[in-house]
Amino acid sequence: MNAKKFMPRNVLLTTAIVSTLSFGFAPAASADTSGTSNWTIEDASKVERTDDTTAPYIEPDFEKMAPELHVWDTWPLREKDGSVAKVNGYYVIFSLTADSELLPGKRHDVATIRYFYSKDGKNWELGGKAFDTQQAYGSRQWAGSAMIEDGKLNLFYTATGRKGEENVTYEQRLALATGDVEAKGKGISFSNFDHSIILEPEGKYYQTEGQAEAGDIGYTFRDPWFFEDPKTGKDYILFEGNSAGTPAERTLDRAYIGSEDFQSSFDFVNEDFAKLFNGAIGIAEATNDSYTEFEAMEPLLEANYVNQELERPHIVTKGNQYYLFTNTHEHKFGPDLSAPDGLYGFSSDQLTTGYEPLNDSGLVLANPENHAYQAYSWMVLPNGKVISFYNFHDLDGKNIADLGGTSPEYQMSHFGGTLAPTLKIALQNDRTKVVNEQAPGKIK
């Protein structure tokens, strides 16, 4: 179908959706300084589920938003200032998707970014593929973020693998697709995309794939998330990475352990294994107005000897504080720690330094203990709502690592593959609390 423009691009109607819980900034005059923060073994050793940090059990009795698809990592279309956008009366979300007949564990190898649109921010219609995947970088595209500015869509994504590769590879680069936004009689569509690689790991601040292959247990450089700093007006992307260097080059900084008192009584279970856990939350500053060039900066946060993957990092702001959130799995924690799949968070009054864990440990949201994998990939929105996807549920006491030994029928019937019920959290200083559960996928 030919798309008909609702109005000229330069006057495309957008409105920012902000609630009373909006994380807007109060003016501040303090200068920002640099210095990577550490999520320490001491911090993470305090992780425990409480009533304030545990999500309700999800009853498996709601309809999938797109039965023909697995739907997982999801993000909303935002204005440049981070508020959720409404374009010509429509909200838009983007999701990683795959054919629902595929075994859930195989979905990452064929991930495709699709979008959904909604008038009310909770009942979603499938729009289709975000762009022509043959024109995009990578053999497939993983999660990112989306921002509208002057009628143009800026869709940041992870370019995974290379076009034409014979076997699936896991090279990861940060990419941008910039296209036109068109409003038809019903819904939203996107066209005329230009694609750019905007950042690759350089080996100084962030580990390259070659460095990781010298003995590490994994490699990440993904999940670009656009952020305009309200204090300075400067533009950045956040992303998931790993601390630079090879395992042989890595040495223990006692600060990774924690306070001097904690250090004095701490002994590693296996220090050589613990050093392979080198997760980092990266940041890079835009060096042009088209967002096609970025300069890597020191990581915002590192989890050396603590955690190997800090996924989908994002920031919301409230008062004078930056609240930095990330997702991780229980099996990504080092050998000295035991912590659940969850949303973890940190706060600081400066963008690039001084982050301290929320709720003392960092844990903001975890699944119920008896349903430890029911949801994942949480994202905190400016109104305090938290979206995620319905993951592996009602596993009869099985660990997620056991699923490979179960039948395909079992795996398919116990994978949600759709948006989970939205949660609302309250955020006060360095404490958080689950307030209530709302309809699946509700962002308004």
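User: Hi! Are phenylalanine 94 and tyrosine 115 buried or exposed?
Analyst: Both phenylalanine 94 and tyrosine 115 are buried. Buried stands for under 20% relative accessible area, exposed for over 50% and partly exposed for what lies in between, using a 1.4 Å probe and protein chains only. A word on the background: this is a predicted model, where local features need pLDDT of at least 70 and side-chain atom pairs need pLDDT 80 or more, while totals for chains, interfaces and linings use all residues. Residues are numbered from 1 along each chain as its sequence is written, and side-chain values use heavy atoms, with hydrogens and water left out.

User: What about phenylalanine 227 and tyrosine 322, what kind of aromatic pair do they form?
Analyst: Phenylalanine 227 and tyrosine 322 form an edge-to-face pair, 6.3 Å centre to centre with 70 degrees between the planes. This pair links distant parts of the chain, 95 residues apart: phenylalanine 227 is in strand β12 (residues 222–228) and tyrosine 322 in strand β18 (residues 321–328). Phenylalanine 227 is buried at a relative accessible area of 6%, and tyrosine 322 is buried at 1%.

User: New topic: which residues does UniProt list for "active site"?
Analyst: The unreviewed UniProt entry lists Asp73 and Glu311. They span 239 residues in sequence, yet no two of their C-alpha atoms are more than 10.5 Å apart, so they gather at one spot. UniProt positions use the numbering here, feature names are shortened, and annotations may be inferred rather than shown by experiment.

User: Where does each one sit?
Analyst: Aspartate 73 is in strand β3 (residues 69–79) and is buried, with a relative accessible area of 13%. Glutamate 311 is in strand β17 (residues 311–318) and is buried too, at 12%.

User: What does glutamate 311 contact?
Analyst: Leaving aside neighbours within four places in sequence, glutamate 311 is in contact with Arg222, Asp223, Glu240, Thr326, Asn327, His329 and Tyr376. Contact means heavy atoms within 4.5 Å. The side chains of glutamate 311 and arginine 222 are also joined by a polar contact of 3.0 Å. A polar contact is a pair of N or O atoms within 3.5 Å; within protein, one must be able to donate a hydrogen and the other to accept it, and residues adjacent in sequence count only if both atoms are side-chain atoms.

User: Last one: which loop holds aspartate 360?
Analyst: Aspartate 360 lies in the loop between β20 (356–357) and β21 (363–366). Aspartate 360 has a positive phi of about 75 degrees although it is not a glycine, and it is partly exposed, with a relative accessible area of 41%.

Technical notes. Helices (H or I, at least four residues) and strands (E, at least two) are DSSP runs, numbered from the N terminus. Rings of Phe, Tyr and Trp (its six-membered ring) pair if their centres lie within 6.5 Å; planes under 30 degrees apart count as stacked, over 60 as edge-to-face and the rest as tilted.
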